[in-house]
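User: I'd like a close look at one part of this structure. Please walk me through it in plain words.

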Amino acid sequence: MSRRGILTVVSGFSGAGKGTVMRELVSRYQYKLSISATTRLPREGEVDGREYFFLTRDKFESMIEAEQFIEYAQYVGNYYGTPRKYVEEQLNAGYNVILEIEIQGALHVKEVFPEALLLFIVPPNAKILRERLVNRGTEDEATVKKRLSRAVEEAQFMNKYDYLVVNDQLDICVEDVHRIILSEQDKMQYNQEFINEMQRQLEAIQEGDL
Ligand code: 5GP
């Protein structure tokens, strides 16, 4: 593959179902999902190196120092960051890469990679969001509250994203995300090689060489 991959950043309120959408997306299609580092503790069933790289604050801070993150942010008392190496390698190899990160990180990525595609996943309404967070049962009441108040803050920045995707039915949401990324791929800026080859062939025809 010679063309550079597309970098897609997916955000959404905690409880919007992003994680499930991402898992389903990579099981259906050939996307590379970046694994973030975090200082939060693993939830039950989470495995180091699969959902996240679970790090101590010291280790995380030394990686910040060494500029090993594309972006990082604090979210509800913990650090979260995107390791640089994997993302750059995959994009250069032509793969489409997805980052599932919160809003401050997403806006930072847009500064560093202006061509990044920013998607915001929302539940159909706020009541459903609260229900999903409570029913998930992985957080105590205080954390659910913090995550909801974080959603209030995040809602102010949603309009900085390129696309809004409603997660009502998982299947439709997954296909919506896939469709948006596919159309991004058709933009002229990702097809320079095709354009060059077409120009070359047209000139060759004009000169009778083809
Ligand atoms: P959770 O603790 O529920 O797994 O994640 C909390 C929030 O952190 C989610 O909004 C998730 O998208 C975000 N997040 C996960 N990884 C990263 C990262 O590498 N960078 C940033 N900025 N946010 C992240």
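Which residues does Ser36 touch, not counting residues up to four places away in sequence?

Analyst: Quick ground rules before the answer. This is a predicted model, with residues numbered from 1 along each chain as its sequence is written. Local features need pLDDT of at least 70, side-chain atom pairs count only at pLDDT 80 or more, totals for chains, interfaces and linings use all residues, and side-chain values use heavy atoms, with hydrogens and water left out.

Leaving out residues up to four places away in sequence, Ser36 touches Tyr52, Phe53, Gly81, Pro83 and Ile101 (a contact means heavy atoms within 4.5 Å). Ser36 sits in strand E3, residues 36-38 (strands, E, at least two residues, and helices, H or I, at least four, are DSSP runs numbered from the N terminus). Ser36 counts as buried because its relative accessibility is 8% (buried is under 20% relative accessible area, exposed over 50%, partly exposed in between, with a 1.4 Å probe and protein chains only).

One of those contacts, Tyr52, leads us to the largest pocket, with a volume of about 1100 Å³. Of the 37 residues lining this pocket, Gly19, Arg40, Arg43, Tyr52 and Glu100 are the closest to its centre. A pocket here is an open set of points on a 1 Å grid over the protein atoms alone, where a 1.4 Å probe fits, with protein on both sides within 12 Å along at least five of seven lines; lining residues have an atom within 4 Å of a point. The volume is the space filled by probe spheres set on the points, which are joined across faces, edges and corners. Helix H1 gives the largest share of the lining, 6 residues.

Now for strand E1, residues 7-12, where 6 of 6 residues are buried. Both of its faces are covered, with Leu7, Val9 and Ser11 on one side and Thr8, Val10 and Gly12 on the other. E1 pairs in the parallel sense with strand E7 (residues 97-100) over 4 bridges, and Thr8 stands opposite Ile98 there; pairing takes at least two DSSP bridges. E1 also runs parallel to strand E8 (residues 117-122), joined by 5 bridges, with Val10 opposite Leu119.

Ala116 lies in the loop between helix H4 (103-112) and E8. Ala116 counts as buried because its relative accessibility is 2%. Leu7 and Val9 are among the residues Ala116 touches. Ala116 and Leu7 are 109 residues apart along the chain, yet their C-alpha atoms are separated by 5.1 Å.
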